[in-house]
Each structure stands twice: as structure tokens, then as C-alpha cells.
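Dear colleague,

Please find below the structure that I promised to pass on to you. My notes on it follow directly after it, and I would be glad if you read them with the model open beside you.

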Amino acid sequence: MTVRLALIVLSLAACSAGTPSSLWLPTPQSTSPIGRGELLAGFAKVDITPPPGMGLSGNGFEGQQASGYSQRLYARAMVMEDSLGERIAFVVADVPHVSSLLHRLTAEQTSRGSSKLGADRLVLSATHTHSSVANHYTNSAYNEQSGRFSGYDAFWVEFLVERLVRAVDLAYADLMPALARWSYSEVPGVTSNRSPIPFAANPVPFGGPVDDTLYTLRVDQCEVAFSNCVARGGFGVFAIHGTGYPATGDLLDPDIPGVVQRHVERAIDRLNGALLADTIFRPEGVYVLANGTEGDVSPDHDLGTRCENHLRQRPGPRPRGPNWAPPAPEVWRARSSDLHACMERARTSVARIGNELGSAAERSYNLVPAASSFRIRRAFTTIHLPTFNASPPLCPNARFGTSNVGGAPNDARTRLLGWSFLWVFPSGFEPGSLAVADPPHGCQGEKRVGLGFVGQGLATGPHGLPEYAQFSVVQMGRTAVVSLPWEVTTVAGRLIKNAVQAQAPWADRVVVVGLANGYFQYLTTREEYSLQHYEGGSNLYGRNTLDLVIRVLEDLTRNIGNDSKVGPIEAFPGAYRTYFKRPSTPTAITRVFTKVQCDDHLLVAEWEDVPPGQFQPADGQVLRIADGTTLLAWDDHPNVEVRAIRSAGGGRHVWRVTYRSPTQLSNTTSVQLLSRPGVGNALSRGCF
Amino acid sequence: MGILGPFCVSNLPTGIRVGLVWLAVANPTEAQDLLRYGGNLTFAARREWRGITRRDGPVMQPEVFASYGRDNWLAIGAGTIFELRGDRAAPTYLGSGRRSFGEVDFWAEASVSTVPFRLSAGWVYRIWNVGKNVRWVQPARNSLRLETFDGTQELFLRVAAPGLGRFVPQVTVFKDVGQVDGSYLEYSFVLRVPFWAGVILPAHSILLSAKAGHSVGQHSVITDPRIPKYFEHGGITHWDLSLGTTFGEFGPIGPATFFLHPELHYQIGRDPIARTGSAGIAPKPRWWFRLGIGWSAPACRPDRRICR
């Protein structure tokens, strides 16, 4: 290790100092609103599922290449405008993290569109699914290290921004007179604290180990103010990591939040009396579920769903031949049978947790809103952390600790967790122990910096880690919604809520939306930081960061409703790579089934279609599974998996659909490929 | 966006930057695909072959292969020996003092895995010298002689048990179906001692190996002395103990993977020929060393399409 690090330092020391490639992001400001005298609300949902082939992000280098999708990825938007014309948009995308770059590029377009929503009135956040794509960060280190494939993908950013803008525009176009009501309920048993030791180090009393409160805003749209109202959508906040599926999964999927959102959206449709097959694929209702203070909160996984535990060093695949050949390096692999069984358990666990949480959200949603005043105000600011004059001061340089490298034990670990030389000499890639600098030194205090301070700076490059943080406080009725770009631990979240509540006499509740308008890894308390578990090791700017965050949010809360200037952000996205297959002109082909196999509960069908890129899942429904005329499932269903398998030559590609049926399949079950304009013919094939 | 510092860290090619980070912290799993191609380049202090020193001087052994499949595969390959030093005192395939390609092998292999075993079967065509029609025989005790020899063919069958974990036994049988009667068996045990618990970094394990050669009918005593033979006696021909490790694999730098494998051997000959090898070599146990460089790449580029 030392030799390697020395080599790196020596090689990089040869580099001359200089400024890396950068760009200044736009500073789109909202246009001053004009009131229409009533509360308005609109919702929209836009598919953002990319073609298979991109790298999954959120699990770092342990992520896989996406071979297909199960539930599709969406960006859901809610736009609200109060009677005075104050307007706000909440957008939640099924991605691991958003970035300030995505936020600003989206706001630049929405500020010039009909909604006139600038960066100061757009809250963009992530569901935090670890089964999605994220080569879209503002800073290079995340683009290079957060997912399977490294680099900033400008085509993916272009696609995603276009869809995010479309979601906001559609939600704005959907504005109608509305009623809104907040409700709060506890949902125990679906989450657990994955870092109980740092949690316990906090001063008591601080409540339970997780924030299991589900915050739900139900919004009904009315033909005219307060009359003939129907359920239209909702906005929810709940703290849960998007790690229901382990890093060994190879499908795009919104994870547990996706199950919850669909559960509530179908409930909204049922409230409105709709249960038509065509509306099941994409329900009319929209439930925008944001993540809360989930920093140390994992799903309460079923046993045996952390499939990383099946990974072992195994002899690498390489032919030997008759003569001596150097043995291949060992590779980090699991037996396919072990992996398959584990992924099945993970799928069941995701469904269980998602449905439990979805049922709770549905119960909250069923509380009908009544006519009342609903005030909207907002405050927004941008801060450059390395130069911000904070007291106590922040570290001038972002650094992650050695405990960050091993990942989160029992939730999303990496192969480096517990690394020790010859089983004896630990590396510090673990929670606590050698990850704690003893004695504490320098600005980072107890944090033992991964690769050393200089080594990490050289490895991540100048400006490789995030520097600009965007904060907002939004009054939504009698609830304050705080948004910030960190993954906030449970206790840090409570401290933030208490501080904001003290400055907001108008608020009954404070809700924290994490992972919003950027990404800064974790935000912990001082006590949690001092123990240097995964979250503390991922707190980039040192132990005083929470103090700064609280101070900024207190200032914002005091100044809510005043003008908020959108400050500049300099982006350093690093090297550009292209993984996103831009939609190309589809080649019309005659599609054919090459295989259909069914047993009692499993249907597997393969067919020839156009290649990924031309087969753009985001552009419409692809297939259905039906029993006679009864629709069973479709390609946005947790029991359905669609994979691109292999090229068949001649511009054709073999795709596979797998359907796991909860009931026994009958001999009238069939797979139906839907006709897509310019792509292919409709096709149906029976099971037996 | 302007590029202001062409030599600064952020402007290094992504592959190099990521590679540097990975060199420091981890190596990812090999990008997998059904069709792969690759090769090895081995430098050896001596050309040791089945316990016999066939070249008492440094040799390079390049080999290329293509394979199809992942756990179960079909593979074809070709390799050769290049003698680096023309030493007049030592015999070579070409005769004293000459250096060139000393041997060319073409081979094909099929492997299947069924836990914990791995079964491989193959064929190899050995040409002892390219274009010279020189063959190497052992017509009498304690001597080697080079004569015309077009080459020979062998069928081989290998059974290993990699699924047992760190201790992997293996038996290989080479049945000559060309110029040489009999079979040669090789028994080996490899013990994998991890450097790192649960981590691939940068050399995963130390490989301790014990190997024994066994001649069945490939010795001059029991058959017609006019037929080429390899050994003087039947039975165990030699013992070979080795210590090695594999450094690699540097996957993020493009889809190809590279690795290094140094190996130190201690060889004890039992058969007189295996003990003496060739004229001028002392009949005693000896140390020798080799370094293999491996390379392979999937036919699939994972940054371009889905690789399995």
C-alpha cells in the first residue's frame, strides 16, 4: 500500500499546478409571482428510464452494469402556488443523488418557461435508489467513483434535464384550484439504524434510533375553489436508504420508494374510481416521495438479502492450456446459484417493506383535506463551503475518511470493508477503530483521511469533491420544509428541526428533505463524527459542518419570504464519457419471439427487437403479461424484469422478459409486445 | 469550458486518474464477456519442462489465446519458446550456440465446472523447432541428443477442485498420441494464502504449490530404444515446490486486464534425466525463477454495450 501510494504521489507530483476544466453554472432567478387569489396545485410524472448499458451508481465500484429494468425510473413533480402567487416546485427523481449542476441546468430552462421557476423556487431531490444512474455530478470525484463507470456523461445530463424540465412544465400546466392537508404518522418496523454505536454516542434524550415519521401532504384538485374536488397527488417525506436491492443487482429500479409511490398512486386512482387496465401502467395520481434524514437509516432488510456477503475471491476465469501459464488473478465473484437465490430474497424484501410503507402512506393520504389558508414562502441561498467564514470554522478542503472506503456494514458494504494485511494489520477501512485518528490532528480532527491528506487530494484532483451547497427553507402551510444536499443522520436531523422550529413560530412541524439540489455525502453530529463510522467518515468538511448548516438554516428561516439571490456555482465535472445511448431513429423491424417458457409461477420469453438506444423504455409501454383479457403485469411492475441479452446481428437485439407470478400461471397466459411507432409490430405469444 | 492546465490532475485521461485511485485502493472484478482474447509473456531463468532442463539459460515464452464462455469455455491457443542467450556450452533446440524460437505449440481446450471440480480436456501439437526439423530424443541413459523430429501430439485431461477453496488439488494426464509412447501425469497441490482478508489488493494471495511428475511408459527401459523417450525410468520424475503471487488486475484502464505473476521454484529431480537435465548441469536440486505477465480483454467493451 505504501509503495503504491508513493508511486501515485510521485507520478502526480510531476504534474504542474493548474486549474482543471470548469464551467460556471447559470444563476436562474424566478420571476416575481403575481397572485391569482387561490391555492393552485399541479402534478406530473415523466419517465427517465435510460436504455440498458449504463453503470449503476450509489454503491461505488461495486455497482453493476444495468442490463435492463424492472420498475421504471421517473421524475415526479409537484408545483404549488398560493393565493398571493408565491410558487414552488418539488421534483423527486429516481436517481441515487442529484447535483447542483442538474438543479441549475433544469432551473435555467424552467425559469424561461411558462412556470418562471428559477433555482430559488425549485427543490430537486433524489429517492436515493442505488439501482439507477448518476454520471451527472458537479464535481469529478463523484463522477469517477460513485458508480460502475467513471466519467461525466453529458448526453445523460442532457436527457435527464430535458425530462426534469418536462416534469415541471407539465406540473405547471396541470395547475388547478386545490386543497392541501398535511398528515403525520409513525411507520415502525420498516427501517433500522445501521450505525447504532454513533447514534448511542449522542447526548440523550434524542428519541428513537430512526425518524420513522411519514410526512404526507395530500393535494386535491377542484373544478373551482373548494368544490368538486378529487384526489390528484401527494408529497411525502420518509427517511430510508434506497438500498433494498444490493449492489449485486443489475437492473434499473427505483427500489423501495418505487413500490411506495406506485402503491399510493394506484390508491389515488381508486379514490377516483379508476381501475382501468390502461391506467395501471401509469396511474393518473402522482405521489412525490422525497427522502428524509436517512443518513444512518437503512431498510429493515429481511435476512439473507445482503448479497455482497456471497462474494468471495475466486480464481479468475482464464484458460490454462497444456503448458504453464500465469494463473489469473482472483476475482470478486459469487456463485450464480447463491446470487440468484439471494436476489430473490431481496426482491421479496423490497416488496414487503415497500407495501408496508405504501399502506401507511395510503392511510395517511386518505385523510381528506378541508378548505383552509395555505401559505407558501421560501428562502434560498448558495454557499461556497471552503471559503465561508464560519464560526467554528469548517475545514478548507473536503476529505473523506478511511471508514468511508469500506461502505456501510450490513447495508451497502464494499469489498474493502475490514481490510487487514495478512489478517493481522487493519487498514482503517472499517467503522471506528483505526479509522479514528489518535490523537486527533488537523482540521479534520478524528478523521483518518483515506490515502492521507495529500494522497487523497492528488487522487481526487483539485475541486474533485463538492464545494457549493444550496439550502432552502419553504413554508408549506404550517409546515416548514428544509432542503439541503446532505444525507443527514437521524440525530443531526432532529437538531436541524429543533433549530428551525425555534425560528419558525408559524410552523407546527419541520420536515427535512435530504439529497436536495446537490450532493455532499453525510452530515453528522460531533459525537457521531468523533467515532468515525461510515457516516462520520463521509462528513467531508469536518466536525463543525452541522453547526454551519444549522446557522445557515436559522438565517434562512428568519428571512423566509424575502428575496433570495441565486449565487454562482463553479462546476468541475471532470472527464467526459458517453454511456447514455441517445435515442436514434428507430429501424422498423419485424419482431419475433425466439423463446417462451412457462412453469407454475415463472414466465420467461425472449424476442428480437431493436437494440438498446432505439429501444428507449422511457418512451412508452413495451409489453404486457395477460391471462386471456385480464392484465397481469406490464413492464413497470416489480415482478417483471426486462433485459437486453445480446446482439442478434443485422441491427437486431435479443431481449428477455421474466415475470414472477404470485399466482399459478394458466394455459391462457400470454406475452404481448405492444406496437411502437416506427419500431415494430404488435406481437403476442401464448404460454402453452 | 476551457482547458487551462493540460498537465494537472483533473486533465489526466479518466482512465489514468481512475486507475491511480484504484491502484491505491482496489481492483474491480474483471469485466466479463463470453468471448475473450489474451496472452501471456513468461520470462524464465531456465526452460524447465517436466523436470528436465531443456534450456539452461533464459527463455521467453509468449502465448496467445482466445476463449469463449465464462465458467465453461472453449479455448484455443498458440505458444512458443524464444531462447534469449546463445550459450555454446549448453544445448538448445537448434544446437549449441544458436538461439531462436525453440518450440511452437498449438492447443485447444474445453473446460466445464461442476462444483467443486473443474474438468478440462484438450489437445496439443508440439513442434520442437520451427523449420529445422530437429528433434530431441533420449536414446541412452544420461544423455540427450537432438535429431530430426517433426513434433508430437498429446491429448490431455485435467481434473482440479477449485471449489474446495484455498486448497486446490489437481491431476493432469498427458497422453502422447504422436511420436512418443506412454503418458505423463502431473499431480499438484496449491495452497492459496490470502494476503488480505476479503480484499483484492494488490496481490491477493501467496500461492504455495507442490508438484510431482510421473512417467507412465515414457522412459527408454521398457520399450524400443529407437522410439523417442523422455525419461530414463518410469514413476516419479521430479518434485517441484514453488512460491508465487499474482499482482493485478488493472481493469479500469480500459476493458483489458493485466497482471503479473512471479514464481520461485525449488526443483528436485528423481529420474536421472530429470536430475541432470542436460550435459553440464549438476545433478542436484536447484532453484529457478519465472515471471509471467498476463493480459486479456473481453471482445465486448463494457462502456459501449452490455457485457456478461
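I begin with a strand pairing in chain A, where Ala44(A) stands opposite Ala77(A) in β4(A). Please bear in mind that this is a predicted model, in which local features need pLDDT of at least 70 and side-chain atom pairs count only at pLDDT 80 or more, while totals for chains, interfaces and linings use all residues. Residues are numbered from 1 along each chain as its sequence is written, chains are lettered from A and ligands numbered from 1 in the order in which they are written, and side-chain values use heavy atoms, with hydrogens and water left out.

Strands of chain A

Strands here are DSSP runs of E with at least two residues, helices are runs of H or I with at least four, and both are numbered from the N terminus; two strands pair if DSSP finds at least two bridges between them. Strand β2 (residues 40–47) of chain A pairs with strand β4 (residues 74–81) of chain A in the antiparallel sense over eight bridges. With β7(A), β2(A) also pairs in the antiparallel sense, over two bridges, and there the bridge partner of Leu40(A) is Pro177(A). Eight of the eight residues of β2(A) are buried, where buried means under 20% relative accessible area, exposed over 50% and partly exposed in between, with a 1.4 Å probe and protein chains only. Leu40(A), Gly42(A), Ala44(A) and Val46(A) point one way from the strand and Ala41(A), Phe43(A), Lys45(A) and Asp47(A) the other, and all are buried.

Elsewhere in chain A, six strands form an open sheet of mixed pairing in the order β11-β3-β31-β32-β28-β27. At its edges stand β11 (251–252) and β27 of chain A, each with a single partner strand, so one side of each is left without a neighbour in the sheet. Within this sheet, strand β3 (residues 68–69) runs antiparallel to strand β31 (residues 640–649) and is joined to it by two bridges, with Gly68(A) opposite Arg643(A).

Aromatic rings

Rings of Phe, Tyr and Trp (its six-membered ring) pair if their centres lie within 6.5 Å, and planes under 30 degrees apart count as stacked, over 60 as edge-to-face and the rest as tilted. By this rule the count comes to 22 aromatic pairs over all chains. In one of them, Phe149(A) and Tyr579(A) have ring centres 5.1 Å apart and planes at 25°, so the pair is stacked. Phe149(A) lies in the loop between α3 (140–145) and α4 (154–173) of chain A and Tyr579(A) in the loop between β26 (570–571) and β27 (592–598), so the pair ties together parts that are 430 residues apart in sequence. Phe149(A) is buried at a relative accessible area of 9%, and Tyr579(A) counts as buried at 4%.

For Tyr184(A) and Tyr215(A), the centres are 5.6 Å apart and the planes at 80°, so the pair is edge-to-face. Tyr184(A) is partly exposed, at 26%, whereas Tyr215(A) is buried, at 6%.

A charge sits over a ring if NZ of Lys or CZ of Arg is within 6 Å of the ring centre and within 35 degrees of the ring normal. Lys45(A) lies over the face of Tyr74(A) in this way, at 5.5 Å from the ring centre, and Arg377(A) lies over the face of Trp506(A), at 5.5 Å from the ring centre.

Chain B

Strand β15 (residues 257–269) of chain B runs antiparallel to strand β16 (residues 286–298) and is joined to it by 11 bridges, with His261(B) opposite Gly292(B). The covered face of β15(B) includes Phe259(B) and His261(B), and the uncovered one includes Leu260(B) and Tyr266(B).

Asn72(B) lies in the loop between β4 (59–69) and β5 (73–83) of chain B and is partly exposed, with a relative accessible area of 42%. Leaving aside neighbours within four places in sequence, Asn72(B) is in contact (heavy atoms within 4.5 Å) with Ser111(B), Val112(B) and Ser113(B).

With kind regards
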